[in-house]
Amino acid sequence: MSGYISGKTKRTVWTPKDRLDKKQATAGLPAWSHGNDNFTKLMLNCDSLADSSVGHTSHPYTPIAGYFDGNGDYLTASNSADFNVLSTDDFTFEAWVYFTQLGSAFYTLFATTTSTAAETGMFINVNTYTLQFLIANAGSWGFSSTGITLTSANLNQWCHIAYSRQSGTLRGFLNGKLMTSNANTSAISSSLGCSIGATTNNVYNFFGNMSDVRWSKGIARYTADFSVPIAPLREDSFTKLLLPMNEGLKPIAYDSLGKKSISTGTSTTVKNLNKLPVSDVAGFFQASGDYLSVDTNTSTMNLQTNTTWTIEFWVNPSNTGATQDIVTKRSSYGLTLYISSTGNLAAYSSIGGGWNGMWNGTSLGVLQFNSWNFVQISRNGTTYIANINGVQTYTITSPTLFYDVDTSPFVIAGGVTWGTFKGFVADFRFSTSVRSNIVPTSLFQNDASTQLLIHMDQVGVSFVDSSSNNKTILPVGNAKHLACQPGDTKAFVGDGTSSSIVSSQYSTDFDFNTNQFTVEGWVYYTTSPINGFIFGSSNWSTGWGFGLNPSNYLAFMLNGSWGLSSTITAPVGRWFHLAFTRDISNNIKLFLDGNIIASGANASSLTAGGTNFNIFQANTMYAPSGTTVAWTHVVNGTALYTDNFTPPTLPRVHKDSKVLIVAGEDARSFNDFSQSAKVVTRYGDTIQTNKIIGNSGASAIFDTSSPVSGRVFNLNSSSGYFVVPVSTDIQMGNIDFTVDFWAKRTSFPSVCWVMGQCDAAGNNTTCSFAFDFLNQYARAGFYIGGTNYAATDSTTTTDSNWHHYAIVRCGDLGILFKDGIKVASSTVTGALNTSSAQFRIGMLGEYGNSGFVGQMTQIRISKGIARWTNNFVPPKQNYLAN
């Protein structure tokens with residue numbers, strides 16, 4: 001067997017984060033289309049070679065882990081002093097590890113050096129079944145811990161590994177047990193960062209899975225036997241690297257409705273959105289005289305006489321290259337907080353005429369443009385502190401930093417000192433107390449010290465003070481609330497080529513004909529776009545979709561031409577919502593952020609021209625590199641919007657909804673969750689996956705003839721297979737179970753094993769259940785002792801068409817279904833054999849003879865349920881992992 005892989009496209013797993021009502025999202029789908037339930041023990045759908053079932057895992061708390069196939073798969077974290085230790089420093093390394101291969105070679109877990117010991121770094125590895133901790137020293141290994149002996153029993157099992165150093169003693173642990181102890185005071189200093197799964201020069205690759213890899217500096221977390229973690233690790237101030245590798249199981253792109261199969265390009269990437277965590281709505285200011293003014297006129301808001309206070313708010317600036325006010329409280333003297341042209345948060349203060357206070361253009365920290373920043377400025381007596389995103393960036397002690405008067409107003413985003421601000425502001429609060437610097441995840445609450453509180457979270461309403469003071473907020477210019485981001489946490493990023501497109505295969509659902517319809521989605525441009533296609537179903541001569549016309553105005557294509565164009569250019573540096581509708585009166589409207597920007601009449605029949613629904617591409621025209629698109633939604637039969645509306649941050653799923661493409665957890669993305677987060681780079685095809693599915697000669701291909709649209713598993717030789725580790729999930733005993741799948745044969749030997757358990761010698765006593773073709777007759781095998789109580793079809797199958805098969809045990813009856821028709825049954829009394837042999841799909845376990853050649857999809861094993869006992873209609877939709 002050549003190791004374990006998983007397809008790069010994952011599959012839907014419903015979680016609360018989806019924030020879509022499952023009943024609504026799957027309305028009209030038969031029960032079997034959900035596929036996954038408590039009985040489902042294996043589910044391989046057509047989108048990947050990874051198991052979509054709730055599944056079996058011996059990991060104590062997560063079914064998801066990083067997978068390394070031993071062929072160039074590894075991760076690196078950027079160079080940092082966090083990986084260097086003095087001779088007196090304590091530290092801890094720990095990880096959950098699942099070895100799929102051990103032998104006479106090195107297998108790297110964690111390294112801060114090369115395979116040649118080029119720098120003074122660590123090398124935690126297994127060498128010929130010996131786990132060891134090495135420290136390099138000028139080209140040789142200057143320190144080697146006493147080894148921890150592993151055996152074949154440690155293969156294909158999760159184990160917890162830890163090394164900790166306390167006061168010059170290095171201890172090694174296996175599954176919480178102290179195994180080695182050595183004196184060690186080595187200093188470690190490397191400029192190579194760290195690598196996981198290989199040395200820093202990609203040698204000595206690891207085979208298997210890892211999760212919750214943590215490096216801690218300044219603490220020996222374990223000094224004696226301990227109970228291994230049974231919950232995900234959490235970061236603290238000692239944590240310098242934390243890689244959970246269990247961040248999700250959704251596919252890179254998927255249809256939340258479960259109706260369409262979504263394909264992606266070879267370089268399709270998913271971006272984690274830097275979202276405002278407290279709301280999807282914020283105050284929007286366009287640097288054209290837009291601002292908010294609050295007439296304070298009260299001593300409780302005086303920044304001079306009050307000796308404890310905090311100003312705090314969220315800000316997302318988009319106007320690079322300009323100096324702009326963000327908050328002022330001044331008359332002829334006072335305070336100005338502003339953003340410099342380079343992104344510095346800076347301040348001016350005055351204790352009389354002119355800027356003669358302690359702050360005179362002083363930088364308080366750096367803000368990120370086109371990104372959310374949480375800002376706090378606080379006073380505690382004579383100490384003034386600035387925090388950005390929870391980190392202190394400035395402090396000063398001064399008896400009088402500036403003067404203030406009761407009547408000076410708070411002005412937000414106004415050009416009192418410098419230019420007016422462009423971007424978003426949210427959740428502004430002024431308090432007469434020193435607030436915690438913890439970054440909030442919800443809107444501020446009013447309390448006794450809150451003197452001013454402007455949430456800015458309600459589209460279509462006035463700005464209001466939610467504090468007990470109920471101050472009047474005066475919006476000036478075009479200051480307004482605006483939906484500032486899609487509700488999803490991830491989005492697709494285009495690279496300007498065909499390699500990054502996201503596509504739903506053509507369907508008549510995309511032929512609107514003369515119907516009402518709605519097309520909508522969220523878009524973000526990083527630079528001013530020049531002519532291009534955003535999303536739709538068009539080959540440029542026919543079809544429809546959003547784009548920029550030759551004048552670079554937002555437009556919608558109708559039957560291959562720009563049927564409705566606006567005179568509005570696309571916003572840059574912020575999210576915006578696009579929608580296009582045709583209503584029952586054949587009125588067509590183009591909306592930007594819920595406002596009509598173009599309208600007309602069109603009653604013509606509108607088709608997709610047989611083309612896929614694509615994001616980023618129409619024919620040879622692409623969206624500019626860096627274009628980001630969140631969810632896209634197509635409705636055929638209803639105009640969701642006929643007048644100005646509040647843009648939905650999450651889609652209004654409708655009975656006429658045809659596809660809703662969203663970005664999932666990119667299994668190729670690994671993130672460091674420590675406080676000092678490092679840049680983690682992925683090499684090879686390292687991924688995050690659910691159950692460990694091994695393979696040899698198996699791949700995923702696209703087959704339009706499949707009864708279930710999308711990708712299928714291709715076994716192109718009689719020696720191809722993929723294997724599921726032995727577990728109680730596939731040991732059926734004498735209880736009910738069901739195995740169902742679609743298959744298409746392309747080779748017809750007299751014996752063709754499709755799946756089952758068996759040892760290499762072919763002993764019946766090592767078989768449990770199986771499926772094969774004997775002289776072209778389909779057979780469901782039920783093995784008790786040395787006897788196969790087979791249910792055999794009375795009709796041969798000799799065509800290369802797709803057929804649905806189901807193997808069912810119900811009580812003492814074994815049943816075989818073909819295309820939903822019961823074609824055979826047998827009496828099965830007693831418990832099926834419990835086997836330790838491999839279960840393989842594509843052949844009979846380890847008995848490597850006469851394997852299946854052809855394609856398969858929608859493979860599901862269910863334990864504890866006989867899903868069918870009478871004839872049924874075979875499922876023709878992707879199973880969903882609900």
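Two strands are said to pair if DSSP finds at least two bridges between them. Strands (E, at least two residues) and helices (H or I, at least four residues) are themselves DSSP runs, numbered from the N terminus. The model is predicted, so local features are reported only at pLDDT of at least 70 and side-chain atom pairs count only at pLDDT 80 or more, while totals for chains, interfaces and linings use all residues. Residues are numbered from 1 along each chain as its sequence is written, and side-chain values use heavy atoms, with hydrogens and water left out.

**The chain as a whole**

The chain contains one helix and 65 strands. Of its 882 residues, 59% are buried, where buried means under 20% relative accessible area, exposed means over 50%, and partly exposed lies in between (1.4 Å probe, protein chains only). The chain exposes about 30,400 Å², of which carbon and sulfur atoms supply 48%; accessible areas come from the Shrake-Rupley method with a 1.4 Å probe, and for residues only the protein chains shown count as cover. Among contacts (heavy atoms within 4.5 Å) with a separation of 6 or more, 71% join residues 24 or more positions apart.

Strand E55 spans residues 737–745, and because nine of its nine residues are buried, E55 is largely enclosed by the rest of the structure. In a regular strand the side chains alternate between the two faces of the sheet. In E55, Phe737, Val739, Phe741, Ala743 and Arg745 point one way, while Thr738, Asp740, Trp742 and Lys744 point the other way, and all are buried.

E55 pairs with strand E61 (residues 803–810) in the antiparallel sense over seven bridges. In that pairing, Val739 stands opposite Ile807 of E61. An antiparallel pairing also joins E55 to strand E65 (residues 854–863), over eight bridges. There the bridge partner of Thr738 is Ser862 in E65. Ten of the ten residues of E65 are buried, so E65 too is largely enclosed by the rest of the structure.

Rolling a probe the size of a water molecule over the atoms shows where empty space is left. On a 1 Å grid over the protein atoms alone, a cavity is a set of points where a 1.4 Å probe fits but cannot get out, and lining residues have an atom within 4 Å of a point. Grid points are joined across faces, edges and corners, and a volume is the space filled by probe spheres set on the points. By this rule there are two cavities of 30 Å³ or more.

The second largest cavity has a volume of about 40 Å³. Its lining consists of Ala743, Lys744, Arg745, Phe773, Thr797, Asp799, Asn801, His803, Tyr805 and Phe852. E55 gives the largest share of this lining, three residues, and E55 and E61 each supply at least two. The lining divides into four nonpolar, three polar and three charged residues; Ala, Val, Leu, Ile, Met, Phe, Trp, Tyr, Cys and Pro count as nonpolar, Asp, Glu, Lys and Arg as charged, and the others, Gly among them, as polar.

Most residues other than glycine have a negative phi, and most peptide bonds are trans. Thr128 and Tyr204 are residues other than glycine with positive values. Both are partly exposed.

**Two buried residues**

Phe83 lies in the loop between strand E3 (74–77) and strand E4 (91–99). At 2% relative accessibility, Phe83 counts as buried. Leaving aside neighbours within four places in sequence, the contacts of Phe83 include Phe110, Met122, Trp215, Leu241 and Lys678. Phe83 and Ser191 are 108 residues apart in sequence, with their C-alpha atoms 8.9 Å apart in space.

Ile396 belongs to strand E28 (residues 391–397) and counts as buried at 17% relative accessibility. Ile385 is eleven residues from Ile396 along the chain, and their C-alpha atoms are separated by 6.8 Å.

How values were computed: 1 Å grid on protein atoms, 1.4 Å probe; cavity = no way out; pocket = protein on both sides within 12 Å on 5 of 7 lines; lining within 4 Å.
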